[in-house]
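Dear colleague,

Please find the structure below, followed by a summary of what was found in it. I would be grateful if you could read the summary with the coordinates open.

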Amino acid sequence: MTAYLIGLVVLLLCTLLLGLVRVFSGPSRADRMLASQLFGTTGVAIIVLLALITDMNGLHDVALVMAVLAPITSVAFVHMAGDEQR
Amino acid sequence: MTLELLSVLLAIAGVVFFFAGALGLLRFPDVYSRLHALTKADNLGLGLIVMAAILQSSSPAQWLKLILIWLMVMLSGAVTCHLVARRARRIDSRVDKTLESNARQEESGA
Amino acid sequence: MNRHMASSIASTTLLSGLIWWILSDGALESWIIGVPAILLIVGWSLSQQNSFQSLPRFFGLLEFVPYFLWESLRGGIDVARLALAPSTSINPCFISFDLQLPKGPAQRVFINTVSLLPGTLSADLLGEQLIVHRLRGASDGDQDLRECERRVARMYGLTLTDADPGQSSAGALRP
């Protein structure tokens with residue numbers, strides 16, 4: 001019954017790759033800053049699905065930590081990458 | 001059984017929204033529109049996936065934890081989106097420089 | 001100690017206790033760390049100024065949550081439809097929106113909520129002006145933002161400072 005979940009995880013990874021195209025191609029710095037948000041949200045979704053597949057509730061804690069850390073990386077990105085003028 | 005089916009449908013819908021978000025990220029013309037796609041579509045996608053997971057788990061503590069995860073992601077998404085948009089605006093707009101310095105003066109005066 | 005303070009302490013304690021219970025999966029021995037942590041949080045929130053303002057009213061929250069969920073659902077569907085449509089028919093622009101909410105938690109909640117409303121995204125805060133990015137042009141006015149602001153104000157039990165919303169301008173900043 002979990003086969004479809006594995007398929008969904010693979011699809012989510014594909015959307016992550018699709019989003020990465022934008023992160024790599026830019027063109028502006030702000031476009032690259034979107035990476036942390038993209039990884040944060042999609043990563044949390046993947047972990048939640050993995051918790052369902054493996055039936056390990058402990059993974060929910062991993063997802064929570066990821067959700068809490070994602071904004072910190074974004075803030076660091078914004079402060080460090082944005083200061084110099086383009 | 002119907003719950004399981006509903007859960008499957010919700011999870012699939014969630015992935016569709018993630019796909020739409022990534023597509024919007026690729027297709028939209030400027031940073032701000034891409035932020036729209038990333039923030040809204042991905043939050044909704046995650047919400048649907050979280051609901052699918054809630055339908056398949058049994059303990060109330062896990063339901064609440066999943067909802068907490070969603071709330072955290074939503075909060076961080078909104079804050080990040082505002083920060084990135086503001087940074088992008090301040091990097092590429094020189095038109096608003098005077099407006100901005102006026103506002104700063106107001107803030108420091110108040 | 002007035003009533004505001006007492007209810008603020010009670011709700012902060014309850015809220016952090018609930019979050020601790022969720023995080024620890026209800027493990028009883030974890031409260032050895034949990035209780036001191038909650039006391040620290042309550043003490044810290046008391047040391048902040050206006051701490052009784054920072055939490056919304058309970059019934060206000062109950063009223064706001066369905067609206068918020070519905071609007072974020074609409075927002076997600078709206079932007080997903082735009083992204084999946086064969087031709088992108090978006091007309092992005094910036095507008096400035098005069099905030100009527102006072103500075104503080106309510107204003108922050110409003111700014112973050114705007115990003116999840118359909119078609120709007122809060123881009124910058126200049127003094128009392130919120131710069132909002134819109135996906136569909138400036139033509140449709142700022143009724144949705146006013147509505148949202150009104151609801152946030154009601155959740156916090158505030159009355160909006162400016163009683164004349166007709167005065168506010170929704171002028172386009174940049175084409």
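**Chain B and its two partners**

Between chain B and chain A, the count is 1 salt bridge. The residues concerned are B:K65 and A:D61, whose side chains meet at 2.6 Å, N to O. Please bear in mind that the model is predicted.

The interface of chain B and chain A also holds 6 residue pairs in polar contact, with both residues of each pair at pLDDT 80 or more. On the side of chain B that touches chain A, the elements giving two or more residues are α1, α2 and α3 of chain B. Of these, α3(B) gives the most, with 17 residues.

In terms of extent, 41 residues of chain B are in contact with 41 residues of chain A. The two chains bury about 3800 Å² between them, and 74% of that area lies on carbon and sulfur atoms. Three residues, B:L26, B:R87 and B:I91, supply 15% of the area that chain B buries against chain A, more than any other three residues.

I turn next to chain C. Here 39 residues of chain B are in contact with 44 residues of chain C. The area buried between chain B and chain C is about 3500 Å², and carbon and sulfur atoms give 72% of it. How many salt bridges does the rule find across the interface of chain B and chain C? The number is 0, while the count of residue pairs in polar contact between chain B and chain C is 7, again with both residues at pLDDT 80 or more.

The side of chain B that touches chain C draws two or more residues from each of α1, α2 (31-56), α3 (60-92) and α4 (97-109) of chain B. The element that gives the most to this side is α3(B), with 15 residues.

Finally, there is a nonpolar patch on the surface, formed by B:I12, B:V16, B:F19 and C:L84. Together these residues have about 320 Å² of accessible area. Helix α1 (residues 2-27) of chain B contributes the largest share of the patch, 3 residues. Is B:F19 buried, partly exposed or exposed? Its relative accessibility is 37%, so B:F19 counts as partly exposed, because that class covers values between the 20% limit for buried and the 50% limit for exposed.

With kind regards

Key: Residues numbered from 1 in each chain as written. Chains lettered and ligands numbered in written order. Predicted model: local features only at pLDDT ≥ 70, side-chain atom pairs only at ≥ 80, totals over all residues. Heavy atoms only, no water. Patch = residues over 30% accessible without salt bridge, like charges linked within 9 Å, V, L, I, M, F, W, Y side chains within 5 Å. Areas by Shrake-Rupley, 256 points an atom, 1.4 Å probe, with all protein chains shown as cover. Salt bridge = Lys/Arg side-chain N within 4 Å of Asp/Glu carboxyl O. Helix = DSSP H or I, 4+ residues; strand = E, 2+ residues; numbered from the N terminus. Buried < 20%, exposed > 50% of the residue type's maximum accessible area, 1.4 Å probe, protein only. Contact = heavy atoms within 4.5 Å. Buried area = accessible area lost by both parts, 1.4 Å probe. Polar contact = N/O pair within 3.5 Å; in protein donor to acceptor, adjacent residues only side chain to side chain.
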